[in-house]
Amino acid sequence: MLSSAQRARFIPDRRRAKLTARVQIFYTDHYVLPLPPGHRFPMAKYARLRERVEAAGLGSMHVPEAATREQLALAHDLDYVDRVHAGTLDAREQRELGFPWSPAMLERSLRSTGATISACRAALADGFAVNLAGGTHHAFAGRGEGYCVFNDSAVAARVMQAEGRVRRVVIIDCDVHQGNGTAAILANDPSIFTLSIHGANNFPFTKQVSDLDIHLPDGTGDAAYLAALHEGLTLALDRSRAELAIFLAGADPFAGDRLGRLELSKDGLARRDHLVLATCRDAGLPVALSMAGGYARELDDIVDIHLRTVETAAELAGLPGGHPGVVQARAPRP
Ligand SMILES: [Zn+2]
């Protein structure tokens with residue numbers, strides 16, 4: 001049987017464009033975390049998003065491996081990793097986390113981090129790849145907070161380095177909340193560049209220092225947001241000299257978000273995704289996407305925004321010429 005790379009050489013150009021439009025997509029929604037009644041975390045968004053992504057045929061669907069203790073220890077204190085495994089977080093730690101500990105909570109956190117690791121490997125092969133969860137950027141080296149147990153972006157970036165796949169990574173965090181855990185974990189690591197564009201008046205109220213922070217006022221809106229992102233992105237790609245990008249495509253800058261404040265429209269968020277992905281693609285930079293936050297009153301609004309993100313990745317991967325990474329990996333020129 002031919003590998004996909006071998007097969008691509010025998011497929012006419014028009015069909016090859018369609019083939020490359022299929023990105024690898026990692027999902028973990030069947031690992032459900034049990035929550036008390038009335039909890040405001042929208043756990044149901046993950047299953048609905050996976051159903052709609054699957055129905056739209058945007059890529060090949062995969063269940064990731066769980067992140068290992070060794071992988072987690074690349075970005076976390078081993079003591080914290082072991083206490084999460086053993087279920088010995090105290091009441092205060094669980095309150096800060098926002099989730100009660102359970103074996104299912106552990107498994108879900110391990111798989112969600114594993115999904116970003118898998119998406120990074122797939123992005124390096126194909127150009128773009130997606131984790132339908134992840135973006136747990138409030139997790140610090142030794143503690144969790146704000147629904148984030150492990151910091152999937154910091155762990156995955158370090159795993160790619162440890163596997164010798166890349167030397168330099170850029171994390172592009174467009175969730176409306178600052179990537180405080182990511183900034184703190186990677187503060188003294190010049191090989192991983194952290195960009196966070198977020199609401200100045202949003203949680204976390206004590207901000208950490210990223211390599212590049214863009215603090216935006218309440219009610220920023222589409223035009224000012226996109227201008228600031230464009231400027232930041234240019235700077236981050238230039239300064240980071242990265243070989244891989246991890247993009248947190250949070251749905252919470254949306255105007256209908258309960259925690260958002262930035263007042264972006266759905267169209268503005270789609271333009272954000274296009275700006276990040278097209279800029280990286282044009283720079284030859286593979287991108288692993290994660291969904292990060294989303295707390296709109298209507299669950300369907302959150303799912304619509306995430307779905308558009310995955311559609312944009314699939315569309316850009318399939319455009320004539322393809323992603324530079326895709327052209328190299330799947331369609332070598334004679
Ligand atoms: Zn958020």
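**Loop residues and the parallel sheet**

Tyr147 lies in the loop between strand 3 (128-131) and helix 8 (152-162). Helices (H or I, at least four residues) and strands (E, at least two) are DSSP runs, numbered from the N terminus. The model is predicted: local features need pLDDT of at least 70, side-chain atom pairs count only at pLDDT 80 or more, and totals for chains, interfaces and linings use all residues. Residue numbers start from 1 along each chain, as its sequence is written.

Phi of Tyr147 is near 70°, a positive value in a residue other than glycine. Most residues other than glycine have a negative phi, and most peptide bonds are trans. Tyr147 is partly exposed, because 17 other C-beta atoms lie within 10 Å. The cut-offs are as follows: a residue is buried if 20 or more other C-beta atoms lie within 10 Å of its own, exposed if 12 or fewer, and partly exposed in between, with C-beta atoms placed from the backbone.

Glu263 also has a positive phi, near 65°. Its place is the loop between strand 7 (244-248) and helix 11 (266-282). Glu263 has 19 C-beta neighbours inside 10 Å and therefore counts as partly exposed.

A cis peptide bond runs from Phe203 to Pro204, with omega near -5°. Pro204 sits in the loop between strand 5 (192-199) and strand 6 (212-216).

The strands form an open sheet of eight, in the order 2-1-3-8-7-4-5-6, with parallel pairing. Strand 2 (59-62) and strand 6 are the edge strands, and each pairs on one side only. From one strand to the next, the twist averages 15°. Two strands pair if DSSP finds at least two bridges between them. Strand 1 (residues 23-26) runs parallel to strand 2, and four bridges join them. Phe26 stands opposite His62 of strand 2.

Strand 5 is mostly covered: eight of its eight residues are buried. Five bridges join strand 5 to the parallel strand 4 (residues 169-173). Five bridges also join strand 5 to strand 6, again in parallel. Leu195 of strand 5 is the bridge partner of Ile172. Leu195 also stands opposite Leu212 in strand 6. In a regular strand the side chains alternate between the two faces of the sheet.

Strand 4, helix 9 and strand 5 make a right-handed β-α-β unit. A crossover is right-handed if, with the strands pointing away from the viewer, the path from the first strand over the helix to the second runs clockwise. Leu186 lies in the loop between helix 9 (180-185) and strand 5. Leu186 is buried, because 26 other C-beta atoms lie within 10 Å. Beyond its neighbours within four places in sequence, Leu186 is in contact with Ala154, Ile192 and Thr194. Contact means that the C-beta atoms of two residues, placed from the backbone, lie within 7 Å. Leu186 and Arg158 are 28 residues apart in sequence and 9.9 Å apart in space, C-alpha to C-alpha.

Helix 8 lies across strand 4, strand 5, strand 7 and strand 8 (287-290). Helix 8 runs at about 170° to strand 7. Axes are lines fitted to C-alpha atoms, for helices over the stretch in contact, and angles run from 0 to 180 degrees between N-to-C directions.
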